[in-house]
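User: I'd like to go through the terms used for this fold and see what stands behind each one. Could you take me through them?

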Amino acid sequence: MQPIADLLPTDPNAPVIFIPHQSLFLVPFAALQDPTGQYLIEKHTILSAPAIQILKLTRQSRQKVRQLSLQNNLVVGNPTMPKIGNPPRQLDPLPGSEQEAITIAQLLNTKPITGSQATKASITQQMLKARIIHLATHGLLNEVKRGDLPGAIALAPSGNDDGLLTSSEILDLKLNAELVVLSACNTGRGKLTGDGVLGLSRALISAGVSSIIVSLWLVPDEPTAELMAEFYRQLQKNPNKAQALRQAMLMTMKMHPNPQDWAAFTLIGEAE
């Protein structure tokens, strides 16, 4: 950050928006250090966007969502896992994600949906009416690709449905959520192109979501659950999502100082 250090705001609550290029999309900006070893997140509130035009799109989505003022919140954790691959293998269950969903559902005043209840058919319908959507499950990157976009979210299979909610299917949804949190591994990754990462995050923005939190790597269970619960506690005090994520990272950092444990998540889109 040295070349632009003198241009950054001195107020730690002022937003710094990164619009990365190609492989820079995979950089955890919060964990970059200055010469004294201080992390960027300790001094700044950070967001990112795939392009300046996308910021215009997320701003329009935010205004539309405000007019609708939806009240429902949707929290999913550790669905009965689908099978992937050839030969098919079932994805490992995520008991930590189930506990995370239970904690966060209490904070958001709703009931967590777990296990066999979290079918793709049911969750997709509920996503259409939700203000905040929190999905604590497996995020798949290169294992699933249908249409032009890689990536899928693991939900419970039912009937002839394999339980995989793909990026291409998300693209076809009309979502009115002001925040979607993908508390899963690698959900911010995808196919790198000149104008950003094509995958789950881009699909959600195109579907009408104004703010998205995604991960850049395989996230550890326990610190992630702590960080997410703290994020929602902070959000209840302060509706600014970027500031809430910053405070959650600072709190998690005290217990888990390794950036691998707290720096994976990034906010794309609107802070307000």
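Analyst: Happy to! This is a predicted model. Let's begin with helix H7 (residues 221–237) and helix H8 (residues 241–255), whose axes come within 8 Å and cross at roughly 140 degrees.

User: Why is H7 called oblique to H8?

Analyst: Angles over 145 degrees count as roughly antiparallel, and 65 to 115 as roughly perpendicular. The crossing of H7 and H8 is at roughly 140 degrees, and that makes H7 oblique to H8. As for its hand, the crossing is right-handed.

User: Which residues in H7 and H8 meet?

Analyst: Contact here means heavy atoms within 4.5 Å. From H7 come Pro223, Glu226, Leu227, Glu230, Phe231, Gln234 and Leu235, while the H8 side includes Lys241, Ala244, Leu245, Met249 and Met255. Sorted by class, the contact of H7 with H8 has ten nonpolar, three polar and three charged residues.

User: What makes H3 and H7 roughly parallel to each other?

Analyst: Again, compare the angle with the cut-off. The axes of helix H3 (residues 95–107) and H7 cross at roughly 10 degrees and come within 9 Å. Angles under 35 degrees count as roughly parallel, and H3 and H7 are therefore roughly parallel to each other. Among the residues that meet are Gly96, Glu100 and Ile104 in H3, with Asp221, Met228 and Tyr232 among those in H7. This contact of H3 with H7 divides into six nonpolar, five polar and three charged residues.

User: What about the backbone: which peptide bond is cis, and where is Pro87 found?

Analyst: The bond from Asn86 to Pro87 is cis, with omega near 5 degrees. Pro87 is found in the loop between strand E4 (83–84) and strand E5 (89–90). Asn78, in strand E3 (residues 72–79), has a positive phi of about 50 degrees although it is not a glycine.

User: Why point those out?

Analyst: Because most residues other than glycine have a negative phi, and most peptide bonds are trans.

Technical notes. Residues numbered from 1 in each chain as written. Predicted model: local features only at pLDDT ≥ 70, side-chain atom pairs only at ≥ 80, totals over all residues. Heavy atoms only, no water. Axes fitted to C-alpha atoms, helices over the stretch in contact; angles between N-to-C directions. Helix = DSSP H or I, 4+ residues; strand = E, 2+ residues; numbered from the N terminus. Left-handed = near helix turned anticlockwise from the far one by under 90°. Nonpolar A, V, L, I, M, F, W, Y, C, P; charged D, E, K, R; others polar.
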